[in-house]
Amino acid sequence: MRILKGNPVSRGIALGKVYIYKAFKADVHESYFEAGKEDEFYKKYQDAVKTAEKELDSIITSMTGESPEKAKIFTAHVEILMDEEVEEGVKEMIYESRTMPDYAVDEIYTHFANLLEKAKDPLIAARAADLRDVRNRVLRILKGEKESNLSSLRENVIIVAHDLLPSDTATMDRNRVMGIITEVGGATSHTAIIARSYKIPALLGVADATAIMSNGDNVIMDALTGKVLLDPERETIKEYQEKLVEYIKEERETSQYLDKIPLVASGERFSVGLNVGNTDPDESYKYVDFVGLLRTEFVYMGSEHLPTEQEQFEAYRRVLANAMGNPVTLRTLDIGGDKTLRYMVMPKEDNPFLGNRALRFCLVHIDMFKTQLRAALRASAFGPLQIMFPMVGTMDDIRAAKAVVEQVKQDLRTEGIAFDEKIHVGIMIEIPSIGMIADMAAKEVDFASVGTNDLTQYLHAVDRMNPAIADYYQSMSPSMFRMLGRIFAEFNKAGKSISVCGELAGDHLGALVMFGLGLRKFSMNAANIGRVKRTLSLFTLEEAVNIAKNVQNLSSEAEVIAYVKAEVEKRS
Amino acid sequence: MYSKQTELKNASGLHARPASEFVAMAKQFESKLTVQRLDDEAALPANAKSIIKILAQGLSVGTPIEIAADGPDEVEAVEKLYELVESKFGED
């Protein structure tokens, strides 16, 4: 059995036969024709455009009834096909430099696709795929080849392709596609977005997938952990068949809870938030009450240069628009140590996790910090935004960070730039030293959010990047829950908002215990929303409080997990 | 030559459907029509009849722009496109 690795961009499990999809691949070479044939070759191009338009029109007609959304993709393709600049570019190349139509088409479309790809907005950059798609259609017609697509599959298959274009996924017979494996593409690629919306498991970035696999191969794709198992043994198949049944059952149960108001069995309301790290619109925003963590690293790490105030402002405002009026907690840059920026020199440290990272780093790179705060404050004029500092260990840290916010606010006032004067400023609690003085911190800030991943790392003295000591990383330990209980109690007592945005909030067992400890705000990744809402709905407040009390007196993480799991299973 | 300045007021900016509507309307006029973003000195006027050029501008909400036209129906063209922007493309 051979195992290939990939990036699971759409969760799920699939067992089945491979179908290698090779889309038309244009073989275009730079070539020219002799003088006098300009009209003839231009007519060839025009005829190809007409044929392409006919093909697109017939797809649109066949789709308008059942899936108007998909028809829109092809309407957009007609717009591209008929684009004035494309038309003129091709015409010019044919008449001015006697370029063969296929080469002219390839050049012009590629040029524009590259132009769109540079757009800062990922949605616009994704439109480059549409341009390449239309280019391929025109080139194929110029070569005289017929349309090929995934619309008539004879059996259930797992599609394996180099890449899928919008026209491939839109015409694809969804009922027959069990999974998608491609060699290229990331979490925000066209294929990923489509796969998620159709709920088809997808693994992208599987190197050489089309060369390694062949039509009819039996494979298992595990798009939960990111693996393709080739030629699996009988026991493995049996194991995965069981996993699949289990997975489907759980998905069905939890998905019904996605859009429910989060309530426990005795009627108390809690809030569910979303953790985000990009500006893509996502249907998960509909199922939450707030955005508890906006990681801003994407603005910095996805850039070739230090992002400007305007670039950051636009990104933050887009997230506010996605959040549809719900509050967004922006965490200032959490970088340094192991996360570096390619355009900045950062000294190597012996213990990066105990080093000059996050707020510590920002306080010594004050101009960079101010730029981010200005962008955040400006965005606050357009929606409910609050600012949160990571890696706070002392009251001095809080005061130093707040002083910078005040300076930036003063600058904006002087310049007459609008921002939310009442903007809330808070901290991440992830260093035990600040957790121990949560009572004092609560007086100094408007809110706090616990980062349970780092809190576990620092409380247990475990480098969470070191696989050799992975067993020592215990976020469900009795020590963690004692520490968390203390933090929640102090913030609740002070009447200040407290939430958790670490992994533990998205773990249904952890969330249940924390509800019992007094937490009401849980911010998590989209995949965990249904499950957390469901599990908490099974318990009354009193039951949760009892469970929370009991776990603090158990002696190991293993005991805590076994106990809480049993309580959940009793009620499922 | 006739032109008018404004800023984009609809949440999604000049992307997707609003961009298509904008270009479709521009194509109804004979005049040469351009859109230029005013907050970037390096930006060049983009052909308002080209969906690709309009998208490539990356015009999001709040971006100040100038709509300009040159030709027989220049005033009407600019005014109509200006109104379309002001109407927020039907978004709230």
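Student: Leaving aside its neighbours within four places in sequence, which residues is A:Ile159 in contact with?
Tutor: A:Ile159 is in contact with A:Tyr19, A:Tyr21, A:Leu150, A:Val177, A:Ile180 and A:Ile181, apart from neighbours within four places in sequence. Two residues are in contact if their C-beta atoms, placed from the backbone, lie within 7 Å. Please note that this is a predicted model: local features need pLDDT of at least 70, side-chain atom pairs count only at pLDDT 80 or more, and totals for chains, interfaces and linings use all residues. Residues are numbered from 1 along each chain as its sequence is written, while chains are lettered from A and ligands numbered from 1 in the order in which they are written.

Student: How many residues has the largest nonpolar core?
Tutor: The largest nonpolar core has 96 residues, and A:Ile158, A:Ile159, A:Val160, A:Ile181 and B:Ile54 have the most contacts inside it. Such a core is a set of buried Ala, Val, Leu, Ile, Met, Phe, Trp, Tyr and Cys residues joined through C-beta atoms within 7 Å. A residue is buried if 20 or more other C-beta atoms lie within 10 Å of its own, exposed if 12 or fewer, and partly exposed in between.

Student: Which helix gives the most to this core?
Tutor: Helix 6 of chain A (residues 128-142) does, with eight residues. Helices (H or I, at least four residues) and strands (E, at least two) are DSSP runs, numbered from the N terminus.

Student: Why does this core lie between domain 1 and domain 2 of chain A?
Tutor: Domain 1 (2-23 + 149-233) and domain 2 (38-142) of chain A both give residues to the core, so it lies between them. The domain bounds come from an automatic or database domain assignment.

Student: What does the second, separate core include?
Tutor: That core of 89 residues includes A:Leu377, A:Phe491, A:Met514 and A:Val564. A:Met514 is also one of the buried residues of helix 21 of chain A. In that helix (residues 508-516), nine of nine residues are buried. Just after helix 21, A:Gly518 takes a positive phi of about 110 degrees.

Student: Now the chains. How many residues of chain B are in contact with chain A?
Tutor: 13 residues of chain B are in contact with 17 residues of chain A. Helix 2 of chain B (residues 51-56) gives the most to the chain B side, with five residues.

Student: And the sheets? What is the strand order in the open sheet of eight strands in chain A?
Tutor: The order is 1-8-7-3-4-5-6-2, with mixed pairing. Two strands pair if DSSP finds at least two bridges between them. Strand 1 (2-5) and strand 2 (7-10) of chain A are the edge strands. Strand 1 pairs with strand 8 (residues 227-230) of chain A in the antiparallel sense over four bridges, and A:Ile3 has A:Leu229 as its bridge partner in strand 8.

Student: What about the open sheet of four strands in chain B, which order has it?
Tutor: The chain B sheet has the order 1-4-2-3, with antiparallel pairing. Strand 1 (2-7) and strand 3 (46-47) of chain B stand at the edges with a single partner strand each, so one side of each is left without a neighbour in the sheet. Six bridges join strand 2 (residues 32-37) of chain B to strand 4 (residues 64-70) of chain B, where B:Lys32 stands opposite B:Asp70.
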